[in-house]
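Look at the structure below with its sequence beside it.

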Amino acid sequence: MTDEKSSDEAGSEAGEVIAGIYADGWSRIVATMIRFTGGDWDLAEECAQDAFTQALRRWPEEGIPRQPLAWLTTAARNRAVDRLRRASTEAAKLRQFAALEAEPPPPVYTSDSEIPDERLELMFTCCHPALNLDAQVALTLRSLAGLSTAEIARAFLVTERTMGQRIFRAKQKVAHAVIPFRVPPAHLLPDRLPSVLHVLYLLYNEGYSDQPNKTRLSSEAIRLARVLAGLMPDEPEAQGLLALMLLHDARRASRFDAEGDAVTLAEQDRSVWDQDRVAEGTAILERALRRGRAGPFQIQAAIAACHATAPTFGDTDWPQIVGLYEQLGRVAPSPLVELNHAVALGMAQGPETALPVLDALAASGRLDGYHLLHATRADLLRRLGRNEEAEESLRAALELAPTDAERRLLERRLADMRMPGR
Amino acid sequence: MKYLMLVCVDPDLTQRDIPGEPDVEDWVRENDAKGVRLMGDRVRPGSDATTVRVRDGEVLLTDGPYAETKDLIAGFDVLECADLDEAVRVAAGHPMAWHGVIELRPFWVDDNDS
């Protein structure tokens, strides 16, 4: 009995260690194996999977190796050599195998620190702009985050088969079009880094909801942004992205009420905000801004920092937010930025200043059909005492609201407005 | 790696002179010298095209291009590049990328995984 119990304990301890290594180890092993197999992504993943399966079987009995990543990488490499040897009758594999044999066999890795970290190469390849955005996202989740096809399919509400095909096609494109497995040279970085940042931020936002099968996406996005920021310490936008995610994430616990409805920033319970995340996010942002190359992610993070560090909604530094939105509008112009600028202007200088700005935006027609344009307008009109027009705008917003939760929020506002004495 | 570079007209783009647009003669000279451009030429418009099909053993000819869009393909080049990034760089240096569209197609490499 005692023996059984201790082996169970060893098993669960090894399981925990393996789970801990999997988070970062998966992508490192896959990246190393992609390089080792000369670009065979499927084989690379299969070997990584196999290495973890072996670890789950052997570590509870044999103990956890002192250099676990080296152990896993060696196991994956041996598996790859095995597979290529067995497949060597096929002409293409033979060439691959011959190439392997021509070079001296790579060493058995003895220490974790000697394993090259090629996760950046993997990131830039997964997010290569020659792949469409869906493909970039799917490849990133599979090869970098190590999510299974089924998990990715669930998060994006498609069938496992559809997601499997998407990943398959993406890998085929990488192989057939010869998308290079490398960090782009310096002159290409300004073109390529935004694509990586964009995919990670999109993943974060996909997971920034109350749906449990999606929240994993946010934590993976933060983890990958951390890896990216660590591997590219001289890229302030990579730091800015990490800061932005942390500052948003700090407010996660207050964003939905018990019924799953979204809670507006003004009404959120600030006492549950994660102060460690706020502190970490602001510290990273400050370091990034000191480089004097403020890009869109740093500016958005600065706005998020204004909100996250305000003790109350009323104490928010709105004039600074107005300035930041103006700066954001210059580096990354978009109608949504203009809308948020108008909201901030309404808070900083009052509704009478903001309304003409908002009306000019509405007249441009670029946000036709966007419910928050009308909701914002309703709020400004209400504060100016123009209740009838405000109601009209609220009804327009209601008609366009995309989710039930948002409709409920707007209906509450409409009911509040109709109450006498308000 | 060989890429077929299809040089296409963008019917929606009417601007004639684009500042900074590269010169096609320079492009050909440079890429021929580097061994990146293996061959290439302009082709006659779609009105001079003949489409060939064999159906039930019979050769059927159609006067005109296969693609519905008229005069899409203006020319082609065959590139030899290390990878897609290099091919993109070469294609982006061609004037037709500035006021038309260039499609890059990797050559089919005989392998067993397709």
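In this predicted model, Ala48(A) touches Trp26(A), Ile29(A), Val30(A), Met33(A) and Ala76(A), leaving aside residues up to four places away in sequence. Ala48(A) also belongs to the largest nonpolar core, which has 122 residues. Together with Met33(A), Leu200(A), Ala225(A) and Leu247(A), Ala48(A) is listed among the residues with the most contacts inside that core. The core draws at least three residues from each of domain 1 (2-115) and domain 2 (118-196 + 206-215) of chain A.

**The helix around Ala48(A)**

Ala48(A) is one of the buried residues of α2(A). An α-helix has 3.6 residues a turn, so residues three or four places apart point the same way.

How far does helix α2 (residues 41-62) of chain A reach from its first C-alpha to its last? The span is 30 Å for 22 residues, close to the 32 Å expected at 1.5 Å a residue. The helix has a bend of about 30 degrees at Leu56(A), and the proline Pro60(A) follows within four residues. After α2(A) comes Gly63(A), which has a positive phi, near 90 degrees.

**Two domains of chain A**

The domain assignment divides chain A into domain 1 (2-115) and domain 2 (118-196 + 206-215). To their contact, domain 1 gives 13 residues and domain 2 gives 11 residues. On the side of domain 1 that touches domain 2, the elements giving two or more residues are α1 (2-36) and α2 of chain A. Which of these gives the most to that side? The answer is α1(A), with nine residues.

**Strands of chain B**

In chain B, β5(B) pairs with two other strands. Strand β1 (residues 2-9) runs antiparallel to strand β5 (residues 73-80), and seven bridges join them. Within this pair, Met5(B) has Asp77(B) as its bridge partner. Strand β2 (residues 37-42) of chain B also pairs with β5(B) in the antiparallel sense, over five bridges. There, Arg37(B) stands opposite Leu79(B). In a regular strand the side chains alternate between the two faces of the sheet.

Along the sequence, the elements of chain B follow the pattern β-α-β-β-β-β-α-α-β.

**The chains side by side**

The table sets out values for each chain.

| Property | Chain A | Chain B |
|---|---|---|
| Secondary structure | 19 helices, zero strands | three helices, six strands |
| Box filled by the C-alpha atoms | roughly 80 × 60 × 45 Å | roughly 50 × 45 × 20 Å |
| Buried residues | 39% of 422 residues | 17% of 114 residues |

The boxes are taken along the principal axes. Contacts can also be sorted by how far apart the two residues lie in sequence. For chain A, 60% of the contacts with a separation of 6 or more are between residues 24 or more positions apart. For chain B, 77% of the contacts between residues at least 6 apart in sequence join residues at least 24 apart.

Methods:
Residues are numbered from 1 along each chain as its sequence is written. Chains are lettered from A and ligands numbered from 1 in the order in which they are written. This is a predicted model: local features need pLDDT of at least 70, side-chain atom pairs count only at pLDDT 80 or more; totals for chains, interfaces and linings use all residues. A nonpolar core is a set of buried Ala, Val, Leu, Ile, Met, Phe, Trp, Tyr and Cys residues joined through C-beta atoms within 7 Å. A residue is buried if 20 or more other C-beta atoms lie within 10 Å of its own, exposed if 12 or fewer, and partly exposed in between; C-beta atoms are placed from the backbone. Domain bounds come from an automatic or database domain assignment. Two residues are in contact if their C-beta atoms, placed from the backbone, lie within 7 Å. Two strands pair if DSSP finds at least two bridges between them. The expected span of a helix is 1.5 Å times one less than its number of residues. The bend at a residue is the angle between axes fitted to the seven residues ending there and the seven starting there.
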